[in-house]
Amino acid sequence: MNADAVVIGDSFTVCDASLFDLPAVWRLERVCFPKDAYDVFTLLSLALTPNVMRLKAVADNQLVGYLAGEVRRGERVGWIVTIGVAPRYRGHGIGRALLASAERALRRRVSLMRLTVRRSNTHAIALYDRCGYLWVSTIRGYYHDGEDGLIMEKNLTLP
């Protein structure tokens, strides 16, 4: 599941992430999700699992965003497992570029993309709305602190 490198002006590049990016991804995961960051072992599993797509955004010679996505066996659905952008780099199109790169790379294998987002994460929800994702259901108490998770999805077969 390789994505082609995407250069957005001179500001950042989106390309495949590797196991060597794990320390930077782990640091960024803890900054982006202080309440429920994945632990290093979960991130290592995502880095080593063959059917997981791993993308990174690089700006100023550092990892400033990342995305992990998977296609579940027997389904035509892609799931964004995690996506994060460093606070200083938010609002510059990095999240949108990561999502678009994942969608392009998976379009031949899946017809839907899904993700789960905290109900209170209004900035992320607004981004997903702008990218064509629609709220389809709620998982009550999904997060460790009991907050609900909203499942959003995008139909990749529509123009």
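The face of helix 4 turned away from its buried side carries three exposed residues, namely Thr-122, His-123 and Arg-130; exposed means over 50% relative accessible area, buried under 20% and partly exposed in between, with a 1.4 Å probe and protein chains only. The model is predicted, so local features need pLDDT of at least 70 and side-chain atom pairs count only at pLDDT 80 or more, while totals for chains, interfaces and linings use all residues. Residues are numbered from 1 along each chain as its sequence is written, and side-chain values use heavy atoms, with hydrogens and water left out.

**Helix 4**

- The buried residues of helix 4 (residues 122-130) are Ala-124, Ile-125, Leu-127 and Tyr-128.
- These residues lie on the same side of helix 4 because they cover an arc of only 160° around the axis, the arc being that of the directions from the helix axis to the C-beta atoms.
- An α-helix has 3.6 residues a turn, so residues three or four places apart point the same way.
- The buried residues of helix 4 pack against strand 5 (77-85), helix 3 (94-106), strand 6 (112-118) and strand 8 (149-155); contact means heavy atoms within 4.5 Å.
- Helices (H or I, at least four residues) and strands (E, at least two) are DSSP runs, numbered from the N terminus.

**Helices 1 and 2**

- The contact is made by Leu-22, Val-25, Trp-26 and Glu-29 of helix 1 and by Val-40, Leu-43 and Leu-44 of helix 2.
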